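Dear colleague,

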Amino acid sequence: LTGNGQTRTLRVALNSNSANAADSDGQLAQTDLSGNAIGTLEKQDATSFTNSGMANNNYVFRVGGFDAAGANRSAVGIMSMDSQGTSGAGFQDLNDNGNITANTAVSESNGTIDAITGRATANLAGSQFAMYMVSANKMILLQTDASLPAIGTAEKQTATTPSDGGYAFQVETGGTQGRALMMGQFNLAGSSIVSGVETQAIAV
């Protein structure tokens, strides 16, 4: 990848290569000597590149990164979009280096989604983001405020109660991908966790 005077070399591992949904997704790992980064590759659904595709839907979002002092900062919340898919209102919980702001009202406004790239700009809770549509069900976010770098996702909410069964989980420091704090698995039955295991990385 070359841009802004920089070149990054990545290795790509595809899940598979078929017409089935998500089969052409994959994982990325930086392999040059200029940095150490990992990421994901997700095939876009170009038919979703319209604001109307987001209309009247609820999206659960998560962003993680750093505050102006370089401390961990992350947020999760839910946004209900209007009938045009250009603005929304919802709530978020923010953790700024241990300082919690819980269940506060937030709003969002989106620019026009580019029909070729799926890109739009967004203002979410007073911060600026670049947003790329993966599909009508998911978008990826990059905060573009100079002093508040963060990345995240927003996913369409289709249920509010989890189903029974096993769940694998990963919790990342500052909400930032690749800075894993703990991961594991638990089994859910009704509203109770009946068993599980975890592995923690203490020095992060």
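**Findings**

Strand β4 (residues 26-30) pairs with β5 in the antiparallel sense, over four bridges. Within this pair, Q27 stands opposite T40 in β5. Strands here are DSSP runs (E, at least two residues), numbered from the N terminus, and two strands count as paired if DSSP finds at least two bridges between them.

Please note that this is a predicted model, in which local features need pLDDT of at least 70 and side-chain atom pairs count only at pLDDT 80 or more, whereas totals for chains, interfaces and linings use all residues. Residues are numbered from 1 along each chain as its sequence is written, and side-chain values use heavy atoms, with hydrogens and water left out.

The β4-β5 pair belongs to an open sheet of three strands, with the order β3-β4-β5 and antiparallel pairing. Because β3 (10-14) and β5 (38-41) stand at the edges and each has a single partner strand, one side of each is left without a neighbour in the sheet. From one strand to the next, the twist averages 25°; the angle is taken between N-to-C directions, from 0 to 180 degrees, of axes fitted to C-alpha atoms.

A further set of pairings involves strand β10 (residues 119-124). Three bridges join β10 to strand β9 (residues 99-110), and the two run antiparallel. β10 also pairs with strand β11 (residues 127-135) in the antiparallel sense, over six bridges. A122 has the bridge partner N110 and stands opposite F129 in β11. β10 and β11 form a hairpin with two residues between them, and A125 in the turn has a positive phi of about 55°.

Q92 lies in strand β8 (residues 87-96). Is Q92 buried or exposed? Q92 is buried, with a relative accessible area of 11%; buried means under 20% and exposed over 50%, with partly exposed in between (1.4 Å probe, protein chains only). Leaving aside residues up to four places away in sequence, Q92 touches residues including F61, V76, T101 and A125, where contact means heavy atoms within 4.5 Å.

Finally, the largest cavity is lined by M54, Y59, F61, M79, M81, E108, L124, M131, M139, L141 and A154. A cavity is a set of points on a 1 Å grid over the protein atoms alone where a 1.4 Å probe fits but cannot get out, and lining residues have an atom within 4 Å of a point. β6 (58-66), β7 (72-81) and β12 (138-143) each supply at least two residues of this lining.

With kind regards

Definitions and conventions:
1 Å grid on protein atoms, 1.4 Å probe; cavity = no way out; pocket = protein on both sides within 12 Å on 5 of 7 lines; lining within 4 Å.
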